[in-house]
Amino acid sequence: MSHTATATTAANDPDSSGARHRDPLFTTASGGRKTKDLIAKVVMWAAFLLALSPLVWILWQVISFGGQNLMQSEWWTHSMRGITTRREGGGAYHAIMGTLLQGLVTGLISVPIGVFTAIYLVEYGRGRLARAVSFMVDILTGVPSIVAALFIYALWVTTFGWNRVGVAVSLSLVLLMIPTIVRSTEEMLKLVPNELREASLALGVPKWKTIASVVLPTAFSGIVTGVLLGLARVMGETAPLLILGPYTKNINFDLFSGNMATLPTMINDERQYLALPAAHDRVWAAALTLILLILLLNLAGRLIGRAGAVKA
Amino acid sequence: MAKRIDVENLSIFYGSFKAVEDVSMTIEPRSVTAFIGSSGCGKSTVLRTLNRMHEVVPGGRVEGKVLLDGTDLYGSSVDPVGVRRTVGMVFQRPNPFPTMTIYENVAAGLRLNGVKNKKRLDETVERSLRGANLWNEVKDRLDKPGAGLSGGQQQRLCIARAIAVEPQVLLMDEPCSALDPISTLAVEDLITELKPKYTIVIVTHNMQQAARVSDRTAFFNLSAQGKPGNLIEIDDTTKIFNNPTEKATEDYISGRFG
């Protein structure tokens, strides 16, 4: 309010209240606007802290309960084979490898499909077919993970009568990963200036070669970032694992036979004995491991994105 | 080496919209032909039909003929990719490939078409950069990114890239509009030097530039907004600028409209 008072004084200043009344050139912000500004600030900060608090809480919980186990080398090198739920010790090696292996296979299948679909949509797709493909990708984006898992279950187990194995999990994760790769790659390809395509075409370079040698290298780092972020997302998926990937305490590298452990199913398994301190700690340790794994993938994605960014 | 272009009754469309109507002209080899006219009258569109870049735009198509030493570029057996190797193009904004070094940019046209011989590539890069008056400025940093050069250097790099594939014709779409006066001068000098070896067609908004560099000038105009553009006249540059046949040309040259 003191500012308003100053403004009034200025208006009544003897110099300006001469023969003609003159308004001051600038007035101070009105009290009402300042109040609104303050309210908005408070609301925004409150919302920010509210949104942040569960995150901090989770991290603190996970680290304080699970950090202990991660400090032991056994955690990274041993499976749970022969470790009863009551006993201390054991490791997550089997689950880490399972998660990584299934993630790798998921990536190997979905990256080519996703990237080529995006190339089709951006570089070639015109008319009805392109619109249909784009629409399908939108639908696939909205498919809940459990539906993708049940679809593969119906195909893999019910129709073909095969066992629930690692590669079936990967197939259902592929369904979830393809749309994210298509969309992120599409965005990156659209960012490549049309002038570069024209420059290459005008040199007498065929279109496919232009895409392979000019467009894709220009968008490369962005595409890699998108792939790694997509991979990080599907590696935390749980529904397909519960339906298609039965847990085991043993190490199994074979994606085509036997049960294969993963971090989410390990968490789910140990969770049944939460009352026992050893199992309790292992739940949180496995959770922390999963968070770290995904964090690493995210970081790698961002680093590659930055390192490969086109230098101007 | 340079070739003559005959355009016969050329009409150019974007989908159902007729952008340019019934253009006929002859472009002489070993000379510079300038296209002038107000914005939207179809100069660039005509230019882009001379190496079949127009059809890269969705819905782009043409009617009529473009003859390069008597061969119709739009003949049914003609591969557009081959046309673009024969008729090179330099664009309005310098567009070096951002992932490539200076060397790779110049060599791009050959490399992407499968030439791997290191000696031949080296020779072509040096000859093209010398041809584009850029060799002395970049010879010590051929392995640096092409996008790190100044705007004028980038444009000369693009010219070097275009002449590296040894085209017969060089099309330039307002090559100086994004450049400062010094760089413009460098590019204009270069055009004059390239003239004895190529057929050069340049689109420009700068009438002084047309007067400075071109031997012949074509004036395009639009009868009304939404109507297709037309070729009003093409003649020797001195005639167009001093004593044009058409009233519209005189009005445009003297700044009475446009």
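Colleague: Which residues in α8(A) meet which residues in α9(A)?

Modeller: Happy to start there, and please keep in mind that this is a predicted model. From α8(A) come Leu196(A), Arg197(A), Ser200(A) and Leu201(A), and they meet Lys207(A), Thr210(A), Val214(A), Val215(A) and Thr218(A) in α9(A). By class, the residues of this contact divide into 4 nonpolar, 3 polar and 2 charged.

Colleague: How is the packing of α4(A) against α9(A) described, and why is α4(A) called oblique to α9(A)?

Modeller: Helix α4 of chain A covers residues 93-124 and helix α9 of chain A covers residues 207-235; their axes come within 10 Å and cross at roughly 140 degrees. That angle is what makes α4(A) oblique to α9(A). In passing α9(A), α4(A) makes a right-handed crossing.

Colleague: Which residues meet where α4(A) and α9(A) are in contact?

Modeller: On the α4(A) side they are Thr99(A), Gly103(A), Thr106(A), Gly107(A), Val111(A), Val115(A), Ile119(A) and Glu123(A). On the α9(A) side they are Ile211(A), Ile223(A), Val227(A), Leu231(A), Val234(A) and Met235(A). The residues of this contact divide into 9 nonpolar, 4 polar and 1 charged.

Colleague: Why is α11(A) said to be largely enclosed by the rest of the structure?

Modeller: A residue counts as buried if 20 or more other C-beta atoms lie within 10 Å of its own. Of the 9 residues of helix α11 (residues 263-271) of chain A, 7 are buried, so the helix is described as largely enclosed. The buried residues are Leu263(A), Pro264(A), Thr265(A), Met266(A), Ile267(A), Asp269(A) and Glu270(A). What covers them includes α4, α10 (239-244) and α12 (277-307) of chain A.

Colleague: Which residues of chain A does UniProt annotate as "transmembrane region"?

Modeller: That unreviewed entry lists residues 42-63, 100-121, 133-156, 162-182, 211-232 and 283-304 of chain A. In the model, residues 100-121 of chain A are 100% helix and 0% strand, with end C-alpha atoms 30 Å apart. Residues 283-304 of chain A are also 100% helix and 0% strand, and there the end C-alpha atoms are 32 Å apart. UniProt, again in an unreviewed entry, places "domain: ABC transmembrane type-1" at residues 96-301 of chain A. That span is 79% helix and 0% strand, and its end C-alpha atoms lie 19 Å apart.

Colleague: How many residues of chain A are in contact with chain B, and which element gives the largest share?

Modeller: There are 20 residues of chain A in contact with 24 residues of chain B. On the chain A side, the elements giving two or more residues are α8 (194-202) and α9. The largest share, 7 residues, comes from α8(A). By class, this side has 11 nonpolar, 4 polar and 5 charged residues.

Colleague: Now to chain B: why are α3(B) and α6(B) called roughly parallel?

Modeller: Helix α3 (residues 102-111) and helix α6 (residues 151-164) of chain B pack at an angle of about 30 degrees, with their axes 7 Å apart. Angles under 35 degrees count as roughly parallel, and α3(B) and α6(B) therefore get that description. α3(B) passes α6(B) in a right-handed crossing. The residues of their contact divide into 8 nonpolar, 2 polar and 1 charged.

Colleague: What makes Tyr103(B) count as partly exposed?

Modeller: Tyr103(B) sits in helix α3 of chain B. Tyr103(B) has 19 C-beta neighbours inside 10 Å, so it counts as partly exposed. Leaving aside residues up to four places away in sequence, Tyr103(B) touches Val125(B), Leu142(B) and Asp143(B).

Definitions and conventions: Residues are numbered from 1 along each chain as its sequence is written. Chains are lettered from A and ligands numbered from 1 in the order in which they are written. This is a predicted model: local features need pLDDT of at least 70, side-chain atom pairs count only at pLDDT 80 or more; totals for chains, interfaces and linings use all residues. Axes are lines fitted to C-alpha atoms, for helices over the stretch in contact, and angles run from 0 to 180 degrees between N-to-C directions. Helices (H or I, at least four residues) and strands (E, at least two) are DSSP runs, numbered from the N terminus. Angles under 35 degrees count as roughly parallel, over 145 as roughly antiparallel, 65 to 115 as roughly perpendicular and the rest as oblique. A crossing is left-handed if the near helix is turned anticlockwise from the far one by less than a right angle, and right-handed if clockwise. Two residues are in contact if their C-beta atoms, placed from the backbone, lie within 7 Å. Ala, Val, Leu, Ile, Met, Phe, Trp, Tyr, Cys and Pro count as nonpolar, Asp, Glu, Lys and Arg as charged, and the others, Gly among them, as polar. UniProt positions are given in the numbering used here, feature names are shortened, and annotations may be inferred rather than shown by experiment. A residue is buried if 20 or more other C-beta atoms lie within 10 Å of its own, exposed if 12 or fewer, and partly exposed in between; C-beta atoms are placed from the backbone.
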